[in-house]
Amino acid sequence: MIQRITTGDPAGAMLDAALARAFDALRAGVADHRSTFRTPVLATIGMGGAPALRTVVLRGFDPAARCLHIHTDRRSPKFAQLAADGRAALHGYDPQSRLQLCLHGHAVLHVGDAAADAAWTASRETSRMTYAGTHPPGTPLRAPPVAPTDAAAGRAQFGLVSFTFDALDWLMLDPAGNRRACFAWAADGTLTATWIAP
Ligand SMILES: Cc1cc2nc3c(=O)[nH]c(=O)nc-3n(C[C@H](O)[C@H](O)[C@H](O)COP(=O)(O)O)c2cc1C
């Protein structure tokens with residue numbers, strides 16, 4: 001159910017179109033290697049409370065659940081940060097369409113369960129190799145490490161992040177007038193949508 005704070009069309013219909021466009025961009029991020037939404041920035045709350053940012057790859061999207069999947073090394077700082085506080089945000093910007101999306105929500109972590117197994121099984125050898133390094137991400141080294149060769153060794157380090165967003169900030173840059181909308185889902189799934197000042 002959509003509750004709009006705006007009144008009447010065409011503003012309401014434009015909100016529907018804006019949300020559809022955002023979801024299309026997220027679908028493209030998963031499916032299209034050339035999409036700029038393929039590699040958004042994931043923000044977490046660092047251990048000292050400071051913000052922490054890094055680029056990630058979108059690996060899956062369930063629009064009905066508003067859930068995005070990200071693969072990572074369970075030994076990484078971001079994994080520990082999300083285990084301590086699941087609040088997270090995801091940011092992407094496509095310079096061609098001039099669309100910025102900021103998603104806010106919660107992450108759930110999967111290691112060695114059915115969801116992680118399915119993600120590992122679906123991942124490619126080159127991706128699996130990412131997790132096969134001997135040293136946990138962030139470990140100080142005397143020199144860049146030798147690339148791992150045994151992708152299967154990455155299985156134990158593989159982690160799946162399921163990020164469910166309950167707010168979406170939509171901004172479209174336009175010489176004719178920038179447009180910005182805010183979408184927020186309540187716990188029962190009710191959506192409130194409104195245009196806001198850019
Ligand atoms: C294009 C690109 C894609 C990346 N994708 C991922 C990813 O999907 N998962 C991941 O854990 N790290 C990914 N990284 C590396 C992270 O940005 C980061 O450097 C690393 O995960 C350590 O992050 P942390 O110390 O905050 O945990 C990617 C980096 C780049 C440049």
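1. The protein is built from 4 helices and 10 strands. Read from the N terminus, the elements follow the order β-α-β-β-β-β-α-β-β-α-α-β-β-β. The model is predicted, and everything below should be read with that in mind.

2. On overall dimensions, the C-alpha trace spans about 60 × 35 × 35 Å along its principal axes. The chain has 198 residues, 39% of which count as buried. Contacts between residues at least 6 apart in sequence include 61% that join residues at least 24 apart.

3. The accessible surface amounts to about 10600 Å², and carbon and sulfur atoms account for 57% of that area. As for charge, there are 19 positive and 16 negative side chains, with the centres of the two sets 6 Å apart.

4. How many disulfides does a search of the whole structure find? The count is 0. For Cys67 the reason is distance: the closest cysteine sulfur, in Cys102, is 19 Å from its own, too far for a bond. Cys182 is likewise in no disulfide, and its nearest cysteine sulfur, again that of Cys102, is 11 Å away. A pair would have to lie within 2.5 Å to be counted.

5. The surroundings of these two cysteines can be stated briefly. Cys67 is buried, at a relative accessible area of 12%, whereas Cys182 is partly exposed, at 28%.

6. The largest nonpolar core comprises 33 residues. Leu68, Leu90, Leu101, Phe165, Leu168, Trp170 and Phe183 are the residues with the most contacts inside this core. At least two core residues come from each of helix H1 (11–31), strand S5 (67–73), helix H2 (77–84), strand S6 (87–94), strand S7 (99–110), strand S8 (158–172), strand S9 (179–185) and strand S10 (191–196). Which element gives the most to this core? That is H1, with 7 residues.

7. Neighbours within four places in sequence aside, Phe165 is in contact with Phe23, Leu26, Phe61, Arg66, Leu68, Leu103, His104, Gly105 and Trp185.

8. Another core, of 5 residues, lies apart from the largest one. Its members include Ala119, Tyr131, Phe158 and Leu160.

Conventions: Residues numbered from 1 in each chain as written. Predicted model: local features only at pLDDT ≥ 70, side-chain atom pairs only at ≥ 80, totals over all residues. Heavy atoms only, no water. Buried < 20%, exposed > 50% of the residue type's maximum accessible area, 1.4 Å probe, protein only. Contact = heavy atoms within 4.5 Å. Areas by Shrake-Rupley, 256 points an atom, 1.4 Å probe, with all protein chains shown as cover. Lys, Arg positive; Asp, Glu negative; His and termini not counted. Charge placed at Lys NZ, Arg CZ, Asp CG, Glu CD. Core = buried A, V, L, I, M, F, W, Y, C linked by side-chain atoms within 4.5 Å.
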